[in-house]
Amino acid sequence: MGDDDALPPELDLELGRMAAELDAEIRAEQAEYEAMAMQAAWRARRIVDVARAWMVHGDTVEVAVGGMAIVGAVTHTGTDLIVLQTEVRGRVDVAVAAHPLLRLVHAADRGGVPPGPGPRTFVARLTEHEVAAAPVVLVLDDGLQVQGVVMAVAADHVLLDSRQGQRVVPLSRVALAWLA
């Protein structure tokens, strides 16, 4: 191509302006699609998915259930289980079936825990307490606390050996558990 093939300056400027407008339109459209994809991803998440994301990020969270608010870092999640590491009570098991409210207290700059092995369900976690035969505190959905050693995790209840004798605690009422 020679000098005779060059575009007139005003046409060259117009093509550059059109290309810039097209680039801006494409970027805006991509941003809109990304926002819609993020919204769809948020809609597809469950409570344990949110807790798992906070766990991996290392965030500090608050879990409110059974009339209590507990603050700590998520260290494990299962299908219906969230485990928090707290300063006051140590490791606290949260039953998702108890409908906990979750709140992000502090987003971490770094840290976190990758998903790893552990109990998949709240019942499996209670069964670990049974096998360990260590005293536990069970917090019910109304805030009542019962303490004792888990003798058995049955189909619909926990059999607890307490100082007041054997107690039958409906599984559907257990919101939290931690070692006494």
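The model is predicted, so local features need pLDDT of at least 70 and side-chain atom pairs count only at pLDDT 80 or more, while totals for chains, interfaces and linings use all residues. Residues are numbered from 1 along each chain as its sequence is written, and side-chain values use heavy atoms, with hydrogens and water left out.

Helices (H or I, at least four residues) and strands (E, at least two) are DSSP runs, numbered from the N terminus. Strands are taken as paired if DSSP finds at least two bridges between them. Ten strands form an open sheet in the order β5-β1-β2-β3-β4-β10-β6-β7-β8-β9, with antiparallel pairing. The edges are held by β5 (101-106) and β9 (165-170). Each has a single partner strand, so one side of each is left without a neighbour in the sheet. From one strand to the next, the twist averages 40 degrees. Axes here are lines fitted to C-alpha atoms, for helices over the stretch in contact, and angles run from 0 to 180 degrees between N-to-C directions.

Contact means heavy atoms within 4.5 Å. Strand β1 (residues 60-65) is joined to β2 by six bridges, and the two run antiparallel. Thr60 has Ala73 of β2 as its bridge partner. Helix α2 (residues 47-57) packs on the sheet and touches β1, β2, β3 and β5. The direction of α2 makes about 75 degrees with that of β2. Helix α3 (residues 122-132) also packs on the sheet, touching β3, β4, β6 (135-140), β7, β8 (157-162) and β10 (174-179). The direction of α3 makes about 90 degrees with that of β7.

Strand β3 (residues 81-86) pairs on both sides. Strand β2 (residues 68-77) is joined to β3 by four bridges, in antiparallel fashion. Val74 stands opposite Leu84 of β3. The link from β2 to β3 is a hairpin of three residues. Six bridges connect β3 with strand β4 (residues 90-95), again antiparallel. Leu81 faces Ala95 in β4. A hairpin with three residues between the strands is formed by β3 and β4. Burial is set by relative accessible area: buried means under 20%, exposed over 50%, and partly exposed in between (1.4 Å probe, protein chains only). Five of the six residues of β3 are buried, so β3 is largely enclosed by the rest of the structure.

Gly148 lies in strand β7 (residues 145-153). At 7% relative accessibility, Gly148 counts as buried. With neighbours within four places in sequence left aside, the contacts of Gly148 are Ala134, Pro135, Val136, Leu160, Asp161 and Ser162. Met36 is 112 residues from Gly148 in sequence and 49 Å away in space, C-alpha to C-alpha.

Salt bridges were assigned where a side-chain nitrogen of Lys or Arg is within 4 Å of a carboxyl oxygen of Asp or Glu. The count comes to nine salt bridges. Glu14, Arg17 and Glu21 are linked in a network. Within it, Glu21 pairs with Arg17, with the closest N and O atoms 2.2 Å apart. Both residues lie in helix α1, four residues apart, about one turn of the helix. Glu21 is partly exposed at 45% relative accessible area, and Arg17 is partly exposed at 38%. Asp49 and Arg46 form a salt bridge at 3.7 Å, N to O. Arg46 counts as partly exposed, at 44% relative accessibility.

A further salt bridge joins Arg103 and Glu62, the closest N and O atoms being 3.2 Å apart. Arg103 lies in strand β5 and Glu62 in strand β1, so the pair ties together parts that are 41 residues apart in sequence. Arg103 is partly exposed, with a relative accessible area of 42%. Glu62 is buried, at 19% relative accessibility.

Helix α1 (residues 9-44) includes Leu11. At 39% relative accessibility, Leu11 is partly exposed. Leu7, Leu11, Leu15 and Met18 form a nonpolar surface patch with about 350 Å² of accessible area together. Patches are made of residues with over 30% relative accessible area and no salt bridge, like charges being joined within 9 Å and nonpolar side chains (Val, Leu, Ile, Met, Phe, Trp, Tyr) within 5 Å. Accessible areas come from the Shrake-Rupley method with a 1.4 Å probe, and for residues only the protein chains shown count as cover.
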